[in-house]
Amino acid sequence: MRKPTGTWIIAGLAFSFVIALILFPRQRGQRARLVIQPPQGVAKFRPIRVCLVPEAVTTVSIQIDGPFQVTPVGGTQILLNQPRQAKTAVTLVLNGFRWDQRELSAPRLEITPAANGAVWVGEKEYPGKVQLIRIPGGRMQLVNVVPLEDYVACVVDSEMPREFGPEARKAQAITARSYALAQMQNANPGAFYDLHASTRSQKYNGRRYLSSDGRMLAGDSAESLQLAYETAGMVCTYEGKLFCTYYSAVCSGRTSLGSDFFSDAAFPHQSVICEWCADSPLYRWQTLRTNAEVQEKLHRYFADQGSRFESLTSLAVGPVPHPGGVAPVIMSDGKQTVSLPATTFRRILGTNGLYSHHFQVAAQGTNWVFTGSGNGHGVGLCQWGARGLGHAGKNGLEILAHYYPGAEVVVLTDE
Ligand SMILES: [Zn+2]
């Protein structure tokens, strides 16, 4: 997940809210109360716009198994109206797009399948509409415009296996919705999309997808749809405002202090103890890097910074400055000693195998051995911890109360 940017775009729409439900108390022992004030700045939910590819593309494979129409985005002219579309490569031409043998003249296309239909984009099938948006440089962005709760259901199944249990997945649904709505509010006014379909935002595999070995897998399920609808409109708020709910896979015993990682981290991203994620395979891990690789990457990093770093002579990890904080990695080339945050050091080395910023390092022959714990930045809800808490009998709201202390869950409706 990444931090949101931009400004609110849906504030100011005419709306009224009925806040229907609560929530959990701010502190242990405090009784739940009915929230009657709506979070500020949240209006009627429009479909969320999900960017489907990490980089803009020049061609895209489209397949639609039922009736559909293609119109210009924001227009009514029907450019195509067909009972189905066999797999075809859509490319850019001078004034629009080439679709099979036709040329469709529009800078942006919107594919609208019939009710409950979906659109295959490459190896994944997405519910809702798909937009092909021409951008400068002869490329296009691919955007899925999907009803919020359908999106939430897919994210729940993409982010959390069913084995994690219904209460952990309920917490995940509320967290995913809060995150998505915060991204929607914070998207730049001119942006074509609100968030990404990957862990850059939240994992979103659509309704169905082909695995790397060619198997067809479900991206949502009756259970995830039910969880989304059961929790429909439920979001995390702090002091009456929706906040961006950061979360990660495995915190390994204590969540990270949110403000150390995200400039917009709301107060509930405090560092809290988590005793429930030890079942994760990445609770503890080890990875090796050759000294040559570490040296080369450090050389390149410091050269990019305009400085010089000679042969690495020592490497160690210092203590964390405060609970939930980031330890320094201290390195020397015999002439100078440099300290970098473990998060930065991890980025320099590449995150593959170095699953989190919690690690110690030791020399072993010509290698450096990294012994670490956890997976991801560790801020907010710990997904494996939510699983453990759910299996221990806590409900979804109690799970959220633990990982977002001080937050309240409210239900937003736009009656
Ligand atoms: Zn944890």
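# Zinc site, salt bridges and nonpolar cores

Cys277 has a relative accessibility of 1% and therefore counts as buried (buried is under 20% relative accessible area, exposed is over 50%, and partly exposed lies in between, with a 1.4 Å probe and protein chains only). The model is predicted: local features need pLDDT of at least 70 and side-chain atom pairs count only at pLDDT 80 or more, whereas totals for chains, interfaces and linings use all residues. Residues are numbered from 1 along each chain as its sequence is written, and side-chain values use heavy atoms, with hydrogens and water left out.

## Exercise 1

Identify the protein donors of the zinc ion and classify their arrangement.

Step 1. The donors are the SG atoms of Cys251, Cys274, Cys277 and Cys382, at 2.3 to 2.4 Å from the zinc ion. A donor is an N, O or S atom within 2.8 Å of the metal (3.2 Å for Na, K and Ca); water is not among the atoms, so sites may look incomplete.

Step 2. The 4 donor atoms subtend angles of 103 to 117° around the zinc ion, so the arrangement is tetrahedral; for four donors, this term requires all angles to lie between 85 and 135 degrees.

Step 3. Along the sequence, the donor residues follow the spacing C-x22-C-x2-C-x104-C. Cys277, in the loop between strand E18 (247–248) and strand E19 (285–290), and Cys382, in strand E25 (residues 381–382), link distant parts of the chain, 105 residues apart. Strands (E, at least two residues) and helices (H or I, at least four) are DSSP runs numbered from the N terminus.

Step 4. Cys382, at 0% relative accessibility, also counts as buried.

## Exercise 2

Step 1. A salt bridge places a side-chain nitrogen of Lys or Arg within 4 Å of a carboxyl oxygen of Asp or Glu. The count by this rule is 20.

Step 2. Glu125 and Arg208 meet at 2.8 Å, N to O. Glu125 is buried at 6%, whereas Arg208 is partly exposed at 29%.

Step 3. In the pair Glu163 and Arg387, the closest N and O atoms are 3.1 Å apart. Glu163 is partly exposed at 45%; Arg387 is buried at 10%.

Step 4. A network of salt bridges links Asp157, Arg162, Arg169 and Glu223.

## Exercise 3

Describe the largest nonpolar core and the surroundings of Tyr204.

Step 1. A nonpolar core is a set of buried Ala, Val, Leu, Ile, Met, Phe, Trp, Tyr and Cys residues joined through side-chain atoms within 4.5 Å. The largest one has 86 residues, of which Ile62, Trp99, Leu132, Tyr151 and Tyr204 touch the most other members.

Step 2. Helix H2 supplies the largest share of this core, 10 residues. At least three residues come from each of domain 1 (49–146) and domain 2 (149–246 + 399–411), with bounds from an automatic or database domain assignment.

Step 3. Neighbours within four places in sequence aside, Tyr204 is in contact (heavy atoms within 4.5 Å) with residues including Val50, Tyr126, Val146 and Tyr151.

Step 4. A second, separate core of 25 residues includes Val326, Ala342, Ile348 and Leu349.

Key:
Four donors count as tetrahedral if all angles lie between 85 and 135 degrees; four count as square planar and six as octahedral if opposite donors are over 155 degrees apart and all others between 65 and 115; anything else is irregular.
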